[in-house]
Amino acid sequence: MKEFNQQITEQLNSVQETGRQLEFIEKAKGYVKKLEEQLGHKPTCCVTTFGCQMNARDSEKLSGILEKAGYELIEDEDADFVIYNTCTVRDNANQRVYGRLGHLNSLKKKKPHKKIALCGCMMQEPSVIEKIRQSYRFVDLIFGTHNIYKFAELLVNMFEADGMVIDIWKDTDQIVEDLPVERKYPFKSGINIMFGCNNFCSYCIVPYVRGRERSRNPKDIIREIEALVADGVVEVMLLGQNVNSYGKNLEQPITFAQLLKEIEKIDGLQRIRFMTSHPKDLSDELIQVMKESTKICRHLHLPLQSGSTRILNAMNRRYTKEQYLALAEKIRKEIPDISITTDIIVGFPGEEPSDVDETIDVIRRVQYDNAFTFIYSKRTGTPAAAMENQVPEDIVKEGFDRLLKVVQDTARERISRLQGQTMEALVEEANEQEEGLLTGRLSNNTIVHFKGDTSLIGQIVPIYLKECHGFYYLGELKR
Ligand code: SAH
Ligand code: SF4
Ligand code: F3S
């Protein structure tokens with residue numbers, strides 16, 4: 001009974017909070033209207049995303065609120081309001097933000113009414129806030145990952161304040177539903193099914209900046225997808241740092257595989273994708289559900305990180321090389337046409353060339369369709385940052401180049417296996433490089449370019465895969 005009551009209270013809180021934020025949108029509208037009168041045109045805003053798909057989805061939420069408040073969304077940082085949604089997973093993401101802030105400042109000097117906001121993962125680090133406070137005084141608003149649902153309220157605070165507004169929370173258990181969202185693509189959408197991460201891989205900062213794992217209620221997820229489908233969406237990407245542990249902490253626990261089965265039933269939805277899967281939690285039940293599904297795409301992103309059991313252990317990944325290989329083999333046996341992609345880190349503390357050899361061995365055996373390879377980046381506050389055996393840069397570079405070559409060779413060969421087949425592609429956009437060409441995505445995530453009319457964008461069409469060009473295909477529309 002207590003749990004039931006707690007659930008009701010949480011839902012009430014969430015509904016009340018949504019109502020409060022909608023009121024703040026109305027209030028923000030007043031300020032934007034005033035600015036419009038002052039400028040003589042509708043104020044413009046630009047949302048720039050650094051980082052992963054979860055950040056991209058957050059940016060769609062920010063855009064939804066900005067649009068409702070009366071801004072015109074543009075992709076030009078000379079806009080009247082610019083917001084950077086930042087990432088801190090590797091140091092180069094942070095450096096890019098600092099670099100571009102200098103440019104924003106020079107734009108603001110020419111346009112004094114310009115407002116600049118920073119949010120996202122990087123803002124959850126106290127040292128970053130200190131640096132911005134001291135050296136980037138021209139920033140108007142800073143908030144973090146846990147209070148993004150309060151964006152309308154923070155906008156109002158920004159309009160009413162004299163100086164910089166900073167609001168960062170350490171953590172939250174609040175999940176607020178039903179605020180406006182402005183999607184980048186009309187026909188496909190990301191959906192958060194969970195927030196945060198509990199895994200604490202020893203190199204990774206995400207659990208510190210995104211907080212503990214929280215799953216959304218399955219009912220809210222289904223309701224959101226149904227509304228998206230009614231609005232023209234045919235493909236969804238379910239998002240979470242570790243979707244395989246979805247539902248474990250809900251009052252009525254449900255597995256990720258069970259959630260997928262429910263989503264599959266939604267009429268009109270044609271494709272289901274998800275990321276990311278942690279190998280340690282990938283269940284036989286999930287493999288069976290994928291195998292039997294007609295909507296779940298034939299693609300699995302299964303981060304390896306390292307092929308050396310010794311390094312995996314130090315990374316706190318909680319699987320061995322052999323366990324990973326056995327899992328990949330089981331998946332291939334059950335779903336032979338599946339594409340597997342991965343993430344790999346080179347240069348983790350203590351890594352030796354022989355460890356890189358182990359990783360290369362896994363790449364050769366699993367035959368990935370693609371692998372995102374990253375050079376290890378030391379993140380302050382993570383256990384790996386305090387390890388003494390950091391690898392010298394030149395050794396890391398040597399291992400990275402060696403590994404990348406194998407990744408490219410195996411991926412090329414693997415992707416070319418489809419040549420001559422006809423497969424369905426979701427047409428996503430007009431090709432930017434060549435006029436008259438469209439770009440589509442196969443169920444297994446491979447990209448294909450082909451001639452066609454832009455009216456096909458958003459449709460799933462059969463494409464003859466004529467020529468493989470490394471990582472993509474040139475194809476022909478089949479009628
Ligand atoms: N939750 C996802 C990954 C999120 S971060 C998962 O566990 O798979 C995306 C990728 O960034 C990771 O898979 C990892 O390969 C890489 N990454 C994370 N921290 C890193 C670091 N400190 N240095 C280099 N790469 C890192
Ligand atoms: Fe980071 Fe590991 Fe969590 Fe992925 S599972 S976000 S790599 S801690
Ligand atoms: Fe970056 Fe945050 Fe995603 S650190 S990778 S934007 S969860």
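This is a predicted model: local features need pLDDT of at least 70, side-chain atom pairs count only at pLDDT 80 or more; totals for chains, interfaces and linings use all residues.
Strand β13, residues 339-346, is joined to β14 in the parallel sense over 6 bridges. The open sheet itself has 3 strands in the order β12-β13-β14, with parallel pairing. Because β12 and β14 each have a single partner strand, they stand at the edges, and one side of each is left without a neighbour in the sheet. On average, neighbouring strands here are turned by 15 degrees against each other, direction ignored. Helix α13 packs on this sheet and touches β13 and β14, its direction making about 170 degrees with that of β14.

Here are the elements just met, with their residue ranges:

| Element | Residues |
|---|---|
| β12 | 299-301 |
| β13 | 339-346 |
| β14 | 370-375 |
| α13 | 393-415 |

Now to the nonpolar interior. In soluble globular proteins, nonpolar side chains tend to be buried together. The largest nonpolar core here has 69 residues, and those touching the most other members are Ile225, Leu238, Phe256, Ile263 and Phe274. Leaving aside residues up to four places away in sequence, the contacts of Leu238 include Ile191, Val243, Leu260, Arg273 and Met275. Another core, of 27 residues, lies apart from the largest one, and Phe24, Leu62, Ile148 and Met158 are among its members.

Finally, the ligand. Around ligand 2 are residues including Cys197, Cys201, Cys204, Tyr203, Gln241, His278 and Arg317. By type, the shell around ligand 2 divides into 7 nonpolar, 3 polar and 1 charged.

Terms used:
Residues are numbered from 1 along each chain as its sequence is written. Chains are lettered from A and ligands numbered from 1 in the order in which they are written. Side-chain values use heavy atoms; hydrogens and water are left out. A residue is near a molecule or strand if one of its heavy atoms lies within 4 Å of it. Ala, Val, Leu, Ile, Met, Phe, Trp, Tyr, Cys and Pro count as nonpolar, Asp, Glu, Lys and Arg as charged, and the others, Gly among them, as polar. Two strands pair if DSSP finds at least two bridges between them. Helices (H or I, at least four residues) and strands (E, at least two) are DSSP runs, numbered from the N terminus. Axes are lines fitted to C-alpha atoms, for helices over the stretch in contact, and angles run from 0 to 180 degrees between N-to-C directions. Contact means heavy atoms within 4.5 Å. A nonpolar core is a set of buried Ala, Val, Leu, Ile, Met, Phe, Trp, Tyr and Cys residues joined through side-chain atoms within 4.5 Å. Buried means under 20% relative accessible area, exposed over 50%, partly exposed in between (1.4 Å probe, protein chains only).
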